[in-house]
Amino acid sequence: MTGRFERALVTGGAGFVGSHLCERLLDDGTEVVAADNFATADTGNIAPLLDHPAFRLLSRDVTLPIAAPSSFDVVFHLASAASPRDYFRLPLETLRAGSYGTENALDIAERDSARFVLASTSEVYGDPREHPQREDYWGHVNPIGPRSVYDEAKRYAEALTAAVRRERSVNTGIARIFNTYGPRMRSDDGRMIPTFLTQALSGEPLTVAGTGQQTRSLCYVEDTVRGLLALAGSDFPGPVNLGNPHELTVLAIAEEILSVTGSSSAIEYIDAAVDDPARRCPDISLARRELGWAPEIDLAQGLPLTVDWYVRKNPLEPLH
Ligand code: NAD
Ligand code: UDP
């Protein structure tokens, strides 16, 4: 599917999802330029790619016009803080990445007549009142709360992408990515999976927020990347949900992590996050129909792969 791309620009290419996407594109024979300002990146993510002859890393803040050589046939716009801890810390930067950053990435796609793929998010549904979430649900978002810097930036990014498609005939696709996990998430990014894994592997209590009865649906990163590539390889405008519809409570996920790591860590309840969505689960019928995409790696396969990576990365951390 991706073999058709000669040259890709990946904004946010040094991040968690971006680095996996760059790697997969390179494997498919695509020349890749990654543009990143390392605001939330772990530079170790792309260290192994730096010697690849078809890979180039540009240090760029995409909220400024992106000075990138032409010509790309696909532009993936992933640059943005993505973890609540990161966007609470970088509120204005996150708004800018969604607004100016998206505009600048769209400009490159227009310049090069490239396919454009926006990494949007399930957060556009806010704390949803409909389950599972379908793409035609307009969402339930607090426009001024602390999460709004991310949710509203992505909603704006979608609006901008749709308008540029209508007004300037840029070939755009919008992916609404649901919670994705896997190797290379920063241990300190504050998201549930790296936090629980790091805690379980070091014998610390797992910090479950609120009652732990809120739900998430976890997609392994390889599946998400395959979905982004399927969207890029189509002309489908989206928005289209990319996620794994297996919905679990946060407490059940914490217990699964204790079981996979063999850890005897306790569960510690901490305050719920502000405006934390109570339920999240994608309806993926559109992705199945339009892209022929569905996740293939379930939690029973993906969690051990992720644990192995964390253990290899921190070999001195004991398993309890
Ligand atoms: P990440 O924080 O690991 O990666 C984001 C990357 O963007 C980082 O390398 C960061 O340095 C870079 N970046 C941020 N602002 C930038 C700027 N102004 N200029 C250049 N680079 C900048 O996050 P991730 O989990 O890999 O998420 C990647 C994308 O996917 C984001 O757009 C995110 O909103 C979207 N997404 C991710 C998930 C998920 O569960 N991982 C879910 C929904 C949507
Ligand atoms: N969460 C938790 N403990 C943590 C980190 C997160 O219980 O140490 C909860 C969080 O409150 C939310 C869920 O796990 O209900 C997923 O949070 P994450 O930050 O991974 O992503 P979100 O889906 O909120 O963007």
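This is a predicted model: local features need pLDDT of at least 70, side-chain atom pairs count only at pLDDT 80 or more; totals for chains, interfaces and linings use all residues.
I kept to the model's limits: local features need pLDDT of at least 70, side-chain atom pairs count only at pLDDT 80 or more, and totals for chains, interfaces and linings use all residues. Residues are numbered from 1 along each chain as its sequence is written, while chains are lettered from A and ligands numbered from 1 in the order in which they are written.

**Sheet.** I looked up the strand order and found β3-β2-β1-β4-β5-β6-β11, an open sheet of seven strands with parallel pairing. Strands here are DSSP runs of E with at least two residues, helices are runs of H or I with at least four, and both are numbered from the N terminus; two strands pair if DSSP finds at least two bridges between them. β3 (55-59) and β11 (240-242) each have a single partner strand, so one side of each is left without a neighbour in the sheet.

I then checked one pair. β4 (residues 74-77) and β5 (residues 115-121) run parallel and are joined by four bridges. His-77 has Leu-118 in β5 as its bridge partner.

**Ligand 2.** I listed the residues around ligand 2 (C-beta atom, placed from the backbone, within 6 Å). There are 14, and Arg-191, Met-192, Thr-195, Thr-207 and Ala-209 come nearest. β8 gives the largest share of the shell, three residues. α5 (192-202) and β8 (206-209) each supply at least two.
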